[in-house]
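Reader: I have a new structure to look at. Can you walk me through it?

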Amino acid sequence: SSTAAATAKERAGPYKHLMTGVSFMLPCVVAGGLLIALAFALGGIHANEDAAAGTLAHALFEIGAKGGFALIVPALAGYIAFSIADRPGIAPGMIGGMIAANLGAGFLGGIVAGFIAGYGVAGLNRLIQLPKNLQGLKPVLVLPLLGTLLTGLSMIYAVGTPVAALLGFLTEWLRAMQGSSAILLGL
């Protein structure tokens with residue numbers, strides 16, 4: 001029974017943090033996707049092209065794609081970090097997620113950034129001891145700044161490129177399966 005309790009606790013840790021990130025990311029996915037669908041319903045398949053600029057359909061597409069969808073990975077990473085380290089983890093997580101998206105590491109990079117930011121900020125919070133009169137600076141200045149540095153530098157110099165390569169490999173592998181292995185892909 002102690003093994004079952006340890007397994008349940010382990011699942012509640014990282015799994016809970018991942019699910020928190022996903023639950024905060026979903027409204028961006030839903031809003032962005034529905035606005036893009038409305039854009040295509042109103043303006044046809046070319047609603048996103050420059051020729052449609054100035055139309056309501058083009059505006060809806062811009063809001064959905066460049067607003068809602070652009071926030072998917074940062075929201076995922078930010079709220080994974082929030083689940084681990086509370087409010088001081090949000091900025092490092094979201095910024096790490098934005099870096100992951102910009103590096104082409106996608107949602108996998110966002111997950112990694114969220115965990116780096118969350119556990120990094122939680123660790124910094126335990127390590128850094130400030131005098132009582134400076135404690136108020138810790139959650140709004142010290143932890144977000146140092147957590148963002150840790151997460152950003154980790155993503156740029158260590159994690160982002162390999163995760164982007166992994167995501168590219170997985171995408172190509174799935175794309176290659178579309179024709180010849182459609183049944184396996186479906187499974």
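Author: What follows covers charge pairing and nonpolar cores. This is a predicted model, where local features need pLDDT of at least 70, side-chain atom pairs count only at pLDDT 80 or more, and totals for chains, interfaces and linings use all residues. Residues are numbered from 1 along each chain as its sequence is written, and side-chain values use heavy atoms, with hydrogens and water left out.

Reader: How many salt bridges does a search of the whole structure find?

Author: One. A salt bridge here is a side-chain nitrogen of Lys or Arg within 4 Å of a carboxyl oxygen of Asp or Glu. Glu 62 pairs with Lys 66, with the closest N and O atoms 3.1 Å apart.

Reader: Where do Glu 62 and Lys 66 lie?

Author: Both are in helix α2 (residues 56-68), four residues apart, about one turn of the helix. Helices are DSSP runs of H or I, at least four residues, numbered from the N terminus.

Reader: Is Lys 66 buried or exposed?

Author: Exposed, because its relative accessibility is 61%. Glu 62 counts as partly exposed, at 24%. Buried means under 20% relative accessible area, exposed over 50%, and partly exposed in between (1.4 Å probe, protein chains only).

Reader: New topic. Which residues touch the most other members of the largest nonpolar core?

Author: Ile 80, Ile 84, Ile 128 and Leu 143, out of 15 residues. Such a core is a set of buried Ala, Val, Leu, Ile, Met, Phe, Trp, Tyr and Cys residues joined through side-chain atoms within 4.5 Å.

Reader: Which element gives the largest share of this core?

Author: α3, with six residues.

Notes: Helix = DSSP H or I, 4+ residues; strand = E, 2+ residues; numbered from the N terminus.
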